Amino acid sequence: MKKLAIIPGDGIGPEVIAEGLRVLDWFRQRRGIEFELWQLDLGAERYLRDGTTFPDEVRDEIWSSCAGVLLGALGDARVPDFEHARQILFGMRMGFDLYANVRPIRALTDALVPLRGRSARDVDFVVFRENTEGIYAGVGGQLRRGSPDEIAINEDINTRKGVERIIRAAFAYARRHGRTRVLMSDKSNAMRHAHELWQRVFALVRLDYPEIEASHLYIDALCLELVRDPSQFQVIVTNNLFGDIVTDLGAALSGGLGLAASVSSNPDYPQRVKLFEPVHGSAPKLVGLATANPLATLLSVCLLFEELGFASAALELETAIKGTLEAHETTPDLGGTSSTSQVTDAVLARLRQGSSA
Ligand code: NAD
Ligand code: IPM
Ligand code: MN
């Protein structure tokens, strides 16, 4: 039986993960999709209680025995330096070398698209975000801290291997899914060392995919074009930081952070543990109000089903989510009046209806 580590984390993390578990339970009971669930008490509470962040034994056991990790969110004002969160989040993304952070941007209904004259058809692309290096690598330091002559440095790390594998992953995805366009985005006009490497590698890799139209936009222009006409994009590949930013923008184009899901994996080792998480954070202002949208987590469960070999369950769940959105049974971020658990109730009701039809 496949094993899943469950890390609810901080803020609304536990609230949305609880809903994800209800859905997993439905598929266990009704579809026989059984996972061994391993609940992990990791996050700010634990860190403040006993200093634990991401223990080696936990890391090793996830690595050796889990097919997936379902993570809620990390981040708590009581840990202002984000120490525990970095250890846990980057401990998995970088520690397990899950270099492809795949974030689908797809509007499930027309009403979710905030752009005038645009419909769901116009917002359907996938972002391949490099997930192990770039500015996130943590290389840097502070000199003369606290003095007027202070210097703060974060180096942008771009390796040939790291750049090439994420670009290849994006092209391979396009080929596999019948997508005809891949766009690479960088800032090579300003970052002439690091991002010139992206330019060169992109020019080489595209030769292996002659049937796919390869193009480039600087990241600032990409932001503009995403809002002006999102329908031109199918697959976007970019570095860690730009991928982070552009996927929040993508979330806004498709209904907001309450609906944005992601999976991090290493496409070179498909059997390796995969990390499933909503794109949003711990949303401290929503904690305890029962208004957090659980659908980003439920859509992350869809990705989990897809990636772990349960494609029909993924489709079934997505159809139920779509129906729920169409019926406006949503949390306030989408204009509805439902609570977090009522949204899941609505999804489960549709799953039941669908299965009796
Ligand atoms: P955030 O994603 O938590 O919130 C941004 C906005 O989106 C807020 O208005 C919030 O209320 C709203 N929002 C987020 N999730 C929602 C949901 N499920 N339903 C309805 N509305 C939702 O980002 P932030 O405020 O910049 O960060 C808060 C904390 O989360 C910080 O500590 C940050 O570092 C952390 N963070 C963690 C992750 C992660 O764990 N992967 C991702 C992003 C931010
Ligand atoms: C995300 C988040 C993280 C990131 C933060 C919390 C470090 O914003 O998953 O999008 O930048 O990757
Ligand atoms: Mn982010």
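**Exercise 1.** Determine which ring the charged end of Lys 3 sits over in this predicted model.

*Solution.* The ring is that of Trp 38. The charged end of Lys 3 is 4.7 Å from the centre of this ring.

**Exercise 2.** Classify the aromatic pair formed by Phe 90 and Tyr 136, and locate both residues in the chain.

*Solution.* Step 1: the structure holds 10 aromatic pairs, and one of them is formed by Phe 90 and Tyr 136, with 5.7 Å centre to centre and 75° between the planes. Planes over 60 degrees apart count as edge-to-face, so the pair is edge-to-face.

Step 2: Phe 90 belongs to helix H4 (residues 83–93), whereas Tyr 136 is in the loop between strand S5 (124–130) and strand S6 (140–143). The two residues are 46 residues apart, and their pair links distant parts of the chain.

**Exercise 3.** Decide whether Phe 90 and Tyr 136 are buried or exposed, and identify the residue that lies over the face of Tyr 136.

*Solution.* Step 1: buried means under 20% relative accessible area. Phe 90 has 17% relative accessibility and therefore counts as buried; Tyr 136, at 18%, also counts as buried.

Step 2: Arg 129 lies over the face of Tyr 136, at 5.0 Å from the ring centre.

**Exercise 4.** Name the residues that ring pairs link into a cluster.

*Solution.* The cluster consists of Trp 26, Phe 27, Phe 35, Phe 305 and Phe 310.

**Exercise 5.** Describe the nonpolar surface patch that includes Ile 151.

*Solution.* Step 1: Ile 151 forms the patch with Leu 143 and Ile 153, and together they have about 220 Å² of accessible area.

Step 2: Ile 151 lies in strand S7 (residues 151–154) and is partly exposed, with a relative accessible area of 31%.

Technical notes:
Residues numbered from 1 in each chain as written. Chains lettered and ligands numbered in written order. Predicted model: local features only at pLDDT ≥ 70, side-chain atom pairs only at ≥ 80, totals over all residues. Heavy atoms only, no water. Patch = residues over 30% accessible without salt bridge, like charges linked within 9 Å, V, L, I, M, F, W, Y side chains within 5 Å. Areas by Shrake-Rupley, 256 points an atom, 1.4 Å probe, with all protein chains shown as cover. Salt bridge = Lys/Arg side-chain N within 4 Å of Asp/Glu carboxyl O. Helix = DSSP H or I, 4+ residues; strand = E, 2+ residues; numbered from the N terminus. Buried < 20%, exposed > 50% of the residue type's maximum accessible area, 1.4 Å probe, protein only. Phe/Tyr/Trp six-rings, centres within 6.5 Å; stacked < 30°, edge-to-face > 60°. Lys NZ or Arg CZ within 6 Å of the ring centre and 35° of its normal.
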